[in-house]
Amino acid sequence: MNNSSLIKASLISLMDSDPSVRLFCEGIKDSFYQTIPLASEILRPTQLEELPISEAAAIGLVTGAAMFGIRPIICFQRVEFALLAMDQLVTNASKTKYLSGGKLTSPFLLRLVIGRGWGQGPCHSQSFEPLWHSIPGLRVYMPACSSDYTDVFNKFEVSDSPIITLEHRWTHGISVETSIGCKYSAPEVTIFCYSYNSILASRVSRLLAQYGVDVDVVNSSDFSSAVETVRESVIASGRLVAMDLGPSFLGLSSELIAQLVEQGIVFKAMPVRIGTPFEPASACPEKAYVHFPNAFDLFDALEGLIPHLREQIMDARAAFQNACKGQHSDVPGDYFRGPF
Amino acid sequence: MSDETAIISYASWLRGVQAAIAECYSRQLMRCPVHLSIGQELLWASIKQYCSYEFKVFSSHRGHLPYLTLDGNLRAYVAELHLHEDGASCGNLGSMHLKSPNTGHISSVPIVGSSIPLAVGAAYAAKHLSESWISVAHFGDGACEEGILHESLNLAAVKKLPILFLCENNRYSCTTSLAARQPSSRMTRFADAATVKSKLASTSNLTDLHSSVGDALSYISSSQSPFFLEVDCYRLIEHCGPSLDKGMGDRTFEEYTNALASDLLSHSLNINSYERGFSECEHLINIYTDINLSRRALGFL
């Protein structure tokens, strides 16, 4: 079972148990990356709603419908399509409770997929997590593993706010048993990460452990609780690598580091941020690989932070490079078939 | 009292209330941008006669008339304009967000066109929860220049939702005339494009206006389908504030004079209702003027 089938199973259970849930998606019969049910797989097929290509009106619709007791889930194929609905999210959805003095709420779940690889290029691979986080009244999640996805659905069931989940497509196909996050009693370094970066960092950390280097990986789907968790690990390690999916400039890592500094955390070495450069992503596989955070960026950062363990890191790096030989760099694994 | 007499009486009261706001706005103690609808009162006075329907109204920055029509709590209205905690939204939101969710005025949103799809959502909820309310998207000719209207009409039509698209064509967006903004003066053409049934009415013909409103509501209720009602009207004062915007933008003084001369409500005004509206509102404004002067004396207002 992978995360896609877990999401689908969660949706079926939610829709069958609550008739007020409605699933809105353009291409409702196309399975939305094997994550949504077909009409034949749920008790009430009328809960599935096809959408015209009208992102702004669709977000307005779910905001208005949620005020009166419908519980909408709405899916857009890429994060960028939600930019067309920015006014509805900022002006209406996020402010329903405030503007009505608490008399009305608009809880809905907006699922946005982050593309990457297979030629997604500059307009299909952005995640904009700092943008969504900058809107009071929205809850934002950036799941990596099965428990992150389960957590999103649990939160949605009791939420009185709109929730945005940024789903990296390279997280959909991984097994629900894949272990994400690493915790050691005396870590050398702490890595803050979320979404696909958590899968990458966990893989690197497990490899490093084989060479005697213990690195904590703090997977943070929910940034609102990340600072506290990272803080705990950084107090033990004294060193931090903070990873963003998008640009380091004005990224979540910047906010994290600012808060840790304000809290008086003393670092043994200056924290390092890993993110994309502040420029659009190329569709070209080699250029895209370099653009997005990758394992070699992590090895480089760790070498700088813990030079006394340079030899072990070099060995782990070589082992990683060896394991990647002959593989395409624009897919998360052999299982991934293009184009979508 | 006949329907039309009642409409004239209520519209006169609405004008009196707004006239008091306009006159006292220069005190600078209603510290928010106030968008009045002087000249446009007959439409909402007509809708008031149909209050046997349950409405969910989503309006815009120019939302005073739906608020007064559906709620009518003048004290909460005046207090809100003075950003006082007695206000309709506890003095947090001011003139551009007037609303009264308990009486069916769900929202006023001061981003042009932004509240239209919310009304589509309320109509979706009515349909799927078997509720009988009629959802109303209330907007002006300016909102017809926003893409969101097109998306919302299309969505309401394809999902067959019980919603009234209520367009007050007051011919101006701030100080810019309709002719400078659109190639046609008819907003119903947008409904035609989405195959939404529509009608054009005018505040210069009360009998037709009132029956058009009634027909629209009855059509939506019986067919559970969208309807677009365009109401030709004329805003007799400036975009935001109490004055004429002569010398600014596209309007000429001659145009004002002609519009005032042909304003149906001015000719048929119920003086008693007008004066009652004016004095009730002025009395409350005076109370909140004193309160706000005290707030200013304490600092920060």
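**Ground rules**

I noted that residues are numbered from 1 along each chain as its sequence is written, and that chains are lettered from A and ligands numbered from 1 in the order in which they are written. Since the model is predicted, I kept in mind that local features need pLDDT of at least 70, that side-chain atom pairs count only at pLDDT 80 or more, and that totals for chains, interfaces and linings use all residues.

**Entry 1: the domains of chain A**

I looked up the domain assignment of chain A (bounds come from an automatic or database domain assignment) and found domain 1 at 3–172 and domain 2 at 189–324. Taken over C-alpha atoms, the centres of these two domains of chain A are separated by 28 Å.

I then asked how many residues of domain 1 of chain A are in contact with domain 2 of chain A. I found 26 residues of domain 1 in contact with 20 residues of domain 2, where contact means that the C-beta atoms of two residues, placed from the backbone, lie within 7 Å. On the side of domain 1, the elements that give two or more residues include helix H5 (129–133) and strand E5 (139–141) of chain A; helices (H or I, at least four residues) and strands (E, at least two) are DSSP runs numbered from the N terminus. H5(A) gives the most to this side, with three residues. By class, I noted twelve nonpolar, ten polar and four charged residues on the side of domain 1, with Ala, Val, Leu, Ile, Met, Phe, Trp, Tyr, Cys and Pro counted as nonpolar, Asp, Glu, Lys and Arg as charged, and the others, Gly among them, as polar.

**Entry 2: the six-stranded sheet**

I traced an open sheet of six parallel strands in chain A, in the order E2-E1-E3-E4-E6-E5; two strands pair if DSSP finds at least two bridges between them. Strand E2 (48–50) and E5 of chain A stand at the edges with a single partner strand each, so one side of each has no neighbour in the sheet. Neighbouring strands are turned by 20 degrees against each other on average, direction ignored (axes are lines fitted to C-alpha atoms, for helices over the stretch in contact, and angles run from 0 to 180 degrees between N-to-C directions).

Within this sheet I followed strand E1 (residues 21–25) and strand E3 (residues 71–76) of chain A, which pair in the parallel sense over five bridges, and I found that A:Val21 has A:Arg71 in E3(A) as its bridge partner. H2(A) lies across E1 and E3 of chain A and runs at about 165 degrees to E3(A), while H6(A) lies across strand E4 (109–114), E5 and E6 of chain A, at about 165 degrees to E6(A).

**Entry 3: the four-stranded sheet**

I found four strands of chain A in an open sheet with parallel pairing, in the order E8-E7-E9-E10, and its edge strands are E8 (215–219) and E10 (272–276) of chain A, each pairing on one side only. Four bridges join strand E9 (residues 240–247) of chain A to E10(A), and A:Pro247 has A:Thr276 in E10(A) as its bridge partner. Helix H8 (residues 196–210) of chain A packs on the sheet, touching strand E7 (189–193), E8 and E9 of chain A, and its direction makes about 160 degrees with that of E8(A).

Helix H12 (residues 295–305) of chain A lies across E7, E8, E9 and E10 of chain A. I also saw that H12(A) and helix H13 (residues 310–324) of chain A pack at an angle of about 175 degrees, with their axes 10 Å apart. They are therefore roughly antiparallel to each other (angles under 35 degrees count as roughly parallel, over 145 as roughly antiparallel, 65 to 115 as roughly perpendicular and the rest as oblique).

**Entry 4: where chain A meets chain B**

I found that the contact takes 25 residues from chain B and 23 residues from chain A. H5(B) gives the most to the side of chain B, with nine residues, and by class that side has 16 nonpolar, eight polar and one charged residues.

The axes of helix H2 (residues 55–67) of chain A and H5(B) come within 6 Å and cross at roughly 50 degrees, and the two helices are therefore oblique to each other. Among the residues of H2(A) that meet H5(B) I listed A:Ala56 and A:Gly60, and among those of H5(B) B:Pro117 and B:Tyr124.
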